[in-house]
Amino acid sequence: MSHSVGHEETHGGGTSEIKKVTIILSVLTIIELALGFWMIGMENKGLVLAIKGAIIILMLAKAFYIVGYFMHLKHEIKNLIMTIVVPLALFIWFIIAFLADGNSFRNLRNTYDPYFKEQSTIKVEKKEHGSHGAAAGAHADTTHKSEGAVENKH
Amino acid sequence: MSNEAVVHAHGAVTTHEGHGDHHHEHHHHETFITKYVFSQDHKMIAKQFLITGMVWAVLGGLMSVLFRLQLGYPDATFPWLEDILGKWAKGGRITPEAYYALVTTHGTVLVFFVLTAGLSGTFANFLIPLQVGARDMASPFMNMLSYWFFFAASIVMLSSMFVETGPFSGGWTAYPPLSALGDASPGSKIGMDMWLISMALFVVSSLLGGLNYIATVLNMRTKGMSMTRMPLTIWALFFTAVLGVLSFPVLFSGFILLIFDRNFGTSFYLSDIFINGVGALPNEGGSAILYQHLFWFLGHPEVYIILLPAMGMVSEILSVNSRKPIFGYMAMIGSLFAIAILAFLVWAHHMFVTGLNPFLGSIFVLLTLLIAVPSAIKVFNWLTTLWRGNIRFTPGMMFAIGFVSLFISGGLTGIWLGNSALDIHLHDTYFVIAHFHIVMGVASMFGMFAGIYHWFPKMYGRYLNNTMGYIHFWVTIAGAYLIFWPMHYEGLAGMPRRYYDYSIWESFKQFAELNRFISTVAMIVFAVQLLFLFNFFYSIFKGRKVTTLNPWGATTLEWTTPIKPGHGNWVGEIPEVHRWAYDYGKDGKEFIAQTTPVGADESHH
Amino acid sequence: MATTTTATTTKLWGGGKSPFNVEYGKLMMWYFLMSDAFTFGAFLISYGTIRFSTNGWPDPNEVFKSFPFAPEGMNAPLVFVSIMTFILIISSVTMVLAVHAGHNMDKKGVVKNLIWTIIGGLAFLGCQAWEWTHLHHEGAWWGSNPFLNADGTASSTNFTNYFFTITGFHGFHVFSGVIINIVMLIMTLMDKFEQRGHYLMIEKAGLYWHFVDLVWVFVFTCFYLV
């Protein structure tokens with residue numbers, strides 16, 4: 001049994017690749033930020049959603065470059081790539097089911113819990129920042145007079 | 001370009017680098033501490049897991065006897081109960097608080113400490129290196145830590161039973177708000193904090209173990225041991241480890257959010273809550289359902305973490321003792337894989353009646369019912385393995401067959417429960433109790449017993465007593481059916497689980513006799529488990545000695561080691577593997593060990 | 001060629017060697033990071049679930065708009081957090097360079113780049129500490145949320161609850177990453193890796209550090225942009 005554990009050869013890699021990926025990551029981040037600035041104060045709900053979608057795609061692209069090049073996964077054996085990437089597919093249903101049920105929970109409450117619905121229509125006067133905790137305290141006072149579910153133990 | 005050259009182009013990283021040749025002769029000094037306490041030998045760690053698991057099984061079983069006493073004899077008083085439980089059994093009757101604490105701790109302990117740590121902790125540790133041909137785990141040190149984190153979790157859980165307000169009593173699933181608010185019940189106070197600490201330690205233990213099992217199976221296989229030559233035990237334990245590594249972190253996140261809700265005034269899981277004597281809580285905007293999603297994202301894979309090791313061991317034991325190759329080896333692997341994937345996709349079938357979106361629920365129904373396919377493949381393959389086999393009814397084999405029986409009986413009711421419409425009637429009734437106790441609880445215990453009876457000779461170099469083994473088997477299987485079969489009828493009649501006293505309910509009074517019967521059988525079955533414990537510890541020291549290397553005539557690698565293997569398992573070179581693990585009854589030979597090279601005139605299987 | 005490939009595959013999986021050609025430590029690190037990805041994933045998905053089940057949510061540009069030493073009332077959304085993001089990206093780059101230097105057995109390069117990575121990590125933690133302090137002074141903390149929803153209605157505390165929990169958990173990872181890197185630096189300076197003949201430990205530390213950067217990509221997007 002040979003003891004040639006040593007460092008494996010670096011297929012690809014090298015400083016030029018690192019430089020290239022750094023630039024790509026920076027550019028992607030700058031585009032994300034530009035999109036973020038563009039969204040500020042935007043009224044068009046549909047466009048905002050589209051931009052958010054674009055930002056999430058850019059996020060995934062960044063993740064791809066970090067995992068693929070910085071973490072060197074792209075230069076590993078294909079089987080290793082598969083054993084790491086394939087289980088991550090579990091996230092697809094994980095995300096869809098959780099978010100869908102969250103959304104459904106909101107619809108349920110908006111339909112059957114008038115208090116919940118009402119709360120999301122009352123505008124609160126804007127408070128000056130800096131008064132430590134005061135705003136939160138006031139908010140808590142107004143919200144907990146709920147006629148909602150009564151939890152009665154003992 | 002030759003094949004060799006292709007391989008070498010990748011640079012050779014060999015496996016057994018950590019423990020190379022210096023293990024051939026095993027002479028380095030061992031003290032009592034390094035051999036029996038802080039041991040890094042996978043076989044000793046396996047025994048530590050097993051015996052700790054047994055201690056918990058006795059405690060958890062005793063708890064079930066105590067609350068069955070309440071359920072079977074709701075009006076009777078037993079003064080001796082007050083002697084042992086003090087204020088928890090005032091006047092000789094278990095108090096409601098104590099009843100809920102017992103039910104909760106019974107569930108937590110049996111699911112996590114016995115059937116996760118005790119089962120896969122024991123057999124993954126024991127069998128993986130022995131059956132893939134490795135000197136030890138990839139990282140023996142992390143393996144040792146894995147056990148000691150489990151031990152710490154055990155100590156914390158045990159201590160929580162002795163605090164003034166009692167252990168956690170809101171059910172093993174720890175749903176908020178009972179688990180999130182100290183004011184909700186006595187058991188929600190310090191007992192719940194300790195429960196969380198204990199479970200967090202347990203998650204760490206299971207991650208350390210799981211990473212090790214995966215790395216060992218992938219990287220440490222001996223020469224010739226390709227993935228499709230591995231015994232099914234290893235495949236099952238491998239998938240178990242994958243399930244644990246990917247799902248326990250989600251539970252961990254859920255627990256962290258719960259800790260914040262308990263201690264730092266957040267409201268991740270809390271909304272619209274009013275407590276008697278405290279008033280309305282300021283916590284708004286959270287969702288208790290979110291916790292259930294996070295919990296069951298672990299909780300459902302956890303069911304398979306419990307079941308898969310039993311399936312793997314049963315496949316191996318059935319094949320060895322039928323003297324036949326396992327039927328459909330690749331189909332077995334495929335169905336294990338399918339179960340492992342589906343395990344992650346079906347969690348919300350535990351939540352059909354929580355207000356889960358019905359459309360989403362219907363997708364979960366579909367995915368849930370899909371599990372029937374790989375499960376059925378496995379069942380038919382086990383049955384066809386037995387078919388026309390030359391069966392040896394050793395105690396291990398009896399338990400393996402018992403496992404198949406229980407898995408069928410309990411699995412069929414799973415098809416009922418998987419339907420969201422039926423679940424409206426059946427959820428949270430004794431039907432559910434019966435279903436999961438048979439299919440997951442008792443079946444996995446049977447897998448565990450089968451494993452213990454089968455590999456005891458390898459563990460201790462002695463046999464367990466057969467007569468006691470047969471008594472153990474017959475009483476346990478008869479008892480399991482007598483306890484849980486009637487519960488189906490109670491559940492169909494709508495009898496809810498977790499109630500303290502059914503005799504005050506007009507609709508459930510009719511079951512008083514039946515409940516007493518169930519309780520009586522439960523006590524008898526518990527007593528027989530004590531017989532098994534006696535057999536186990538007696539046989540370690542006084543059992544009949546193993547005199548041949550391979551007492552069962554099995555093909556797998558663990559039987560090529562010395563009768564009592566030292567740390568490093570094999571004296572000299574690790575044997576090379578030339579064939580799959582199931583060459584039984586081939587070419588007129590009773591069995592051909594994996595280490596035997598393929599002969600020139602050998603037939604193909 | 002086709003036969004060659006299959007033969008190679010069987011050989012890779014044939015036992016006696018790692019099928020992925022990596023030592024077990026790196027394999028374990030990868031699988032640990034996968035499980036950690038599920039921890040963070042669960043946090044972020046919980047956050048998303050609560051957001052989806054709530055009617056209004058604060059506008060991040062209204063909340064995260066301050067900058068150290070800037071005059072009171074200055075409105076600079078996204079600026080500070082983009083600096084934090086770049087700090088982390090750059091520290092990731094220096095980490096790659098350290099790993100790269102390790103491959104070439106270049107001790108000086110490893111030391112230099114590790115030091116830069118540690119400085120980057122500390123700078124990130126410093127930024128986070130400033131941001132937390134600033135938000136705390138505005139009244140934000142676990143269980144207290146001074147900010148209103150974007151539409152002017154009252155907001156639940158879960159906005160701050162999740163912000164502090166998730167950035168805190170990420171910050172904890174950065175902190176442990178810095179500790180790991182410091183240990184690596186000390187080991188390098190003590191010539192531990194020169195004696196072993198390889199810098200594989202640096203590679204594993206690097207994987208962890210990049211993972212921390214990777215998580216930030218998601219946290220940054222989920223809390224500050226989307």
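Arg323(B) is partly exposed, with 16 other C-beta atoms within 10 Å; a residue is counted as buried if 20 or more other C-beta atoms lie within 10 Å of its own, as exposed if 12 or fewer do, and as partly exposed in between, the C-beta atoms being placed from the backbone. Although Arg323(B) is not a glycine, its phi is positive, at about 55 degrees, and its place is in the loop between α9 (288-322) and α10 (329-343) of chain B. Helices (H or I, at least four residues) and strands (E, at least two) are DSSP runs, numbered from the N terminus. The model is a predicted one, in which local features need pLDDT of at least 70 and side-chain atom pairs count only at pLDDT 80 or more, whereas totals for chains, interfaces and linings use all residues. Residues are numbered from 1 along each chain as its sequence is written, while chains are lettered from A and ligands numbered from 1 in the order in which they are written.

A positive phi also occurs in chain C, where the value for Asp191(C), a residue other than glycine, is near 65 degrees. Asp191(C) lies in the loop between α6 (158-189) and α7 (192-196) of chain C, and it counts as exposed, with 10 C-beta neighbours inside 10 Å. A further backbone feature, in chain B, is the cis peptide bond that joins Pro176(B) and Pro177(B), with omega about 5 degrees; Pro177(B) is placed in the loop between α6 and α7 (190-219) of chain B.

Chain B as a whole has 17 helices and 4 strands. The radius of gyration of chain B is 25 Å, close to the 25 Å that the globule rule gives for 605 residues, so chain B is as compact as a globular protein of that length; the radius is taken over C-alpha atoms, and the rule is 2.2 Å times the number of residues to the power 0.38. The C-alpha trace of chain B spans about 80 × 55 × 50 Å along its principal axes, and 57% of the 605 residues count as buried. Of the contacts in chain B with a separation of 6 or more, 79% are between residues 24 or more positions apart, two residues being in contact if their C-beta atoms, placed from the backbone, lie within 7 Å.

Within chain B, the axes of helix α5 (residues 96-132) and helix α6 (residues 140-160) come within 12 Å and cross at roughly 160 degrees. This makes α5(B) roughly antiparallel to α6(B). Among the residues of α5(B) that meet α6(B) are Val109(B), Phe113(B) and Ala117(B), and the residues met in α6(B) include Phe150(B) and Met157(B).

Met63(B) is found in helix α3 (residues 42-72) of chain B and is buried, with 20 other C-beta atoms within 10 Å. Residues up to four places away in sequence not being counted, Met63(B) touches Leu102(B), Thr105(B) and His106(B). The C-alpha atoms of Met63(B) and Tyr99(B), which are 36 residues apart along the chain, are separated by 9.2 Å.

Chain A has 6 helices and 0 strands, and buried residues make up 20% of its 154 residues. Among contacts in chain A between residues at least 6 apart in sequence, 56% join residues at least 24 apart.

Technical notes
Axes are lines fitted to C-alpha atoms, for helices over the stretch in contact, and angles run from 0 to 180 degrees between N-to-C directions. Angles under 35 degrees count as roughly parallel, over 145 as roughly antiparallel, 65 to 115 as roughly perpendicular and the rest as oblique.
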